[in-house]
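Work through the exercises below with the sequence and the structure at hand, and try each task before reading its solution.

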Amino acid sequence: MARSAASLGTPPLRSSDTRAPRGAHPPTTEAGAGRRRTAASPAQRWLFAIVAAGTAGLVLYPILMFVIGSVRTAPWGEPDAAWTLAGYLDAYGDAHTWKLVLNTFLIGGMALAGIMLVGLFFAWLITRTDAPCKPVLEVVAIAPYFLPAVVSGVSWAILANPRNGLLNNWLSALLGTQVAPINIYSHVGIAFVLVSYIAPMAYLLMVPMFRNVDSSIEESACMSGASSWLTLRRVTLPVLAPAILGVGILMAIKSLEPFEVPFLLGMPSRINVFTTEIYAALTFTPPADYARATALAMLLVIVTATMVLPLQRYLSRNQRSFVTIKGKGHVTRLTRLGRWRWPLFALCLLYGVVVLVLPLYTIAISSVSKVFGSFAPGNFTIANFQEVLSAPLLRRGLINSIVLGLLGATLTCAWAVLVAYVVHRTRFAGRQVIDFVSYLPISIPGLVIGLALLWAYLGTPALSWMYGTRWILVVAYVTVTLPFALRALSATMVQLDPELEEAARMSGARFGTLWRRVLLPLMRPSLIAAWTLVFIMIIREVGASILLYTTDSVVLSVLVIDSWNSGAFGIVAAMSCYMMFVIGAAVLLRRIVTWRFERVSWSRGV
Amino acid sequence: MNRIFSRDVPRRTLLQALAAAGCMLLLGAAPVPSAAQGADAFGDELYAKAKAAGEKRVSYYTSMVPAQFQALSAAWKQRYPEIEIQLVRADLGQTLERVMAENRARRNIADVISSNEASFAVLHKAQMLTQFDVPSRQNWAEPFKSGFNGFQFPSRILQIGIAYNTSKVKAGDAPRTWKDLTDKRWKGRIGIADPRVGGGAQLWFMSLWDRPGYGADFFRALQQNEPLVKPGIVQLQQAVELGEVDINVVAYDYVALPARDAGKPVDFVMPSDGRIIMATFDSVSRHAPNPNAARLLINFMMSQEGQEALAATYVSPVNQKAQLNPKGVKADGIPLFASGVSDEQVAKLKTYIDAINQSFQLR
């Protein structure tokens, strides 16, 4: 992976490098820049130009289409479309909207707290402690993300609905009560389901950052008499602050933006959320009310912007304090959990049973049984699985998902490395804008970003030729997943000591060599984590896929939604299992790669 | 479009007319070109034209569910092996977005486009569709036959009824009419799909809301039975299968009946006070890259053969020469409450949404 990123990113740069021979040190130093900052090399200028142009095309342009959509009566290019503010006036002039906003923030706030807590806990336990059976723990931490949101929502409705939920039946029998102990159709219930499948993203984003903390600083704290807990609180967490804040912002958006789960689980108790209104504006009756939908979605963009801008300022002011990867060897000393070792492990297992085994059990049972809940012989069938494998369309979807996932994840990570470099290692004016703009796609709900991409791509002659091919999906996936890859890789870029590059340059390394021998190897753990996350996100993506696919480029997630909409739940369950196999294979691959890397690098230092 | 939506078609007259037509057919008196089973000169001609024009595929932008498409394409392959149906499936709103966006960019890929009344209005206004006719139209059921507007072919007709869990409700006790649902004994046992979301649930609400003797009173009584509201009809079907609710008040026949056949504890009732049916239409795109193949696909879907292939998945055939699914639900003699939403209903949508919100306290 890292190698493909290098090969994608460097050739033009290397050639420009050779065209412009110069000393190890560029001759001029930018006036007023810090003593470490030198003037941009031609290679850096090229890189900046490419990144700026790419960001404009990949991200800014669809965002612009989205903004225009909020002030037009019909999409750009429709003959009788006019300018209007009706979308905003309608959406925000209605007290009901604000009630929904409150509801959304209530659920989102609870979900965010849960997601960060679970993510932090697993990241710390797996990277910084001597917890037992770490591969098992990692499965518990990541695997719940395999479940498509729709499937998560439904399996929890089956498990914990107040009328005849399986879990409620078991618990009532156990406790001898008549009243169902759990009501999943509640604010807490919805927040819980969101935590169960979003927390793995937080974990995946935080793990490499935790790994990059040099234990020597923790050791110094211990030597000065601090307890393990005090060290974690006063040393480890503060040094990780930018990383945790960055992930926190992504997760905050992720907790506000979901649509399927609140829609499925909120309706029975009349808990309406903000995204339900967006869905209503787009689908209640055609033609869709874009102005209203996009005006509503704008609120999430504004929320994102108000969180990202202060973070940027904070990071650029305190850049030096977060460097944890320096020139000397890097040791990881594991915190001894002592008598907490096994109780914590048991707690994780219990968590795994609740968020993974129970929903999986429900899906598996519903996919192999004719009558749900009956264990009579003859009630079980594997026809669903065979049907999935034998239908040519489904086979094509499976193959496309894998190919597009591999390609999309690789390109996204390659692009994110370049963006992260430009943002954190150069001083070009406008680099912060690139960082900021790259954040925005996540704040636009899947339903709306799909439309923005459709309008943008089909409105551009250079891209419209791609429409109808697999390439258009690859481009869409890069845009949609970029914020996540960028967060993971930016955080690592901040942790890398610039002295390492300085040293390489002093020793005469060219720009290409610097990447190949210093930057990419140091970023490898983050690259692998980001790649895994992006791969899973692509396999799960629906919003853009459904508006951009054609028969040849059909993907698994679209087929799952198809079967879902037609009531073929057995097939949905079977396909979800296949999706999990695909994602599971990717995680396994990552595990093997990381393991090799860890053994090598941690035994002799980086 | 009003002609499609004329209510209360006198069923008896219709049956009489059909019986008469049948007799004439038997006597060989009616001039019915190329309607005999197996022979379809019109289709053969289109097939030849399509092949001559080098049309090897036909792009079908539709909401057709996987089971229906499998049945249709299996029959199609038998008859027209040299043209492949390229399926692009999304819901009707998304289908509309794509077609309109493709047209703005002059990158038209769609040959045949599915629509409902609301999305058709948009397509028609943008002059996206082209007029066409098929010989099998003379065999269509009313009100679709006389209501044909030259663009919309009602290829898939579904019926809305009541589904119940057979392990919770005995067949003899199951509700028989819409009004039965307001009986106190169903309190806390029924579920509805959110009618705001559109589709069958919205049609169901509109037609009963507008009907004398039902209206606000009916929905008030229904709400007193505390229905569980789920986002969609298929989610509700699952809730019935799993026993979360005993009765699904807004069920589709083509979803409930296959579940019953698969051995699930579900059955479907066609309420005897009134039928509510709904069509999904197919049209030829004006900008179809494969115009002959597009017409051929529509001709096939509307033919006896195509309609029978779809009937295997419990689509109600609009072509009356096609056999009903023998395991399907007979609706003979039941008055027709609605066969789709009317223009007037579409225009008043906001009023209905308010009525829905109020009836089920959704806001």
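## Exercise 1: the interface of two chains

**Task.** How many salt bridges does the rule find across the interface of chain A and chain B, and which helices of chain A each supply at least two residues of the side that touches chain B?

**Solution.** Across the interface of chain A and chain B, the rule finds 0 salt bridges. The side of chain A that touches chain B draws at least two residues from each of several helices, namely helix 5 (95-128), helix 7 (149-160), helix 13 (260-266), helix 14 (274-283), helix 18 (392-425), helix 20 (446-458), helix 25 (545-548) and helix 26 (556-565). Helix 26 of chain A gives the most to this side, with 5 residues. Sorted by class, the side of chain A that touches chain B holds 33 nonpolar, 15 polar and 11 charged residues.

The next step is to keep in mind that this is a predicted model, and then to turn to the extent of the interface. Contact joins 59 residues of chain A with 60 residues of chain B, and the two chains bury about 4,800 Å² between them, with 54% of it on carbon and sulfur atoms. Between chain A and chain B there are 17 residue pairs in polar contact, counted where both residues are at pLDDT 80 or more.

## Exercise 2: chain A as a whole

**Task.** How many helices and strands does chain A have, and what percentage of its residues is buried?

**Solution.** Chain A has 27 helices and 0 strands. Of the 606 residues in chain A, 62% are buried. Among the contacts in chain A with a separation of 6 or more, 79% are between residues 24 or more positions apart.

## Exercise 3: a strand of chain B

**Solution.** Strand 5 (residues 153-165) of chain B pairs with strand 8 in the antiparallel sense over 4 bridges, and B:A163 stands opposite B:N248 of strand 8. Strand 6 (residues 190-193) of chain B runs parallel to strand 8 and is joined to it by 2 bridges; here B:I190 has B:I247 in strand 8 as its bridge partner.

## Exercise 4: a loop residue

**Task.** Where does B:P135 lie, and how far is it from B:I162 in space?

**Solution.** B:P135 lies in the loop between strand 4 (129-130) and strand 5 of chain B. B:P135 counts as partly exposed because its relative accessibility is 24%. B:P135 and B:I162 are 27 residues apart in sequence, and their C-alpha atoms are 35 Å apart in space.

Key
Residues are numbered from 1 along each chain as its sequence is written. Chains are lettered from A and ligands numbered from 1 in the order in which they are written. This is a predicted model: local features need pLDDT of at least 70, side-chain atom pairs count only at pLDDT 80 or more; totals for chains, interfaces and linings use all residues. Side-chain values use heavy atoms; hydrogens and water are left out. Contact means heavy atoms within 4.5 Å. Buried area is the accessible area (1.4 Å probe) that two parts lose on being put together, summed over both. A salt bridge is a side-chain nitrogen of Lys or Arg within 4 Å of a carboxyl oxygen of Asp or Glu. A polar contact is a pair of N or O atoms within 3.5 Å; within protein, one must be able to donate a hydrogen and the other to accept it, and residues adjacent in sequence count only if both atoms are side-chain atoms. Ala, Val, Leu, Ile, Met, Phe, Trp, Tyr, Cys and Pro count as nonpolar, Asp, Glu, Lys and Arg as charged, and the others, Gly among them, as polar. Two strands pair if DSSP finds at least two bridges between them. Buried means under 20% relative accessible area, exposed over 50%, partly exposed in between (1.4 Å probe, protein chains only).
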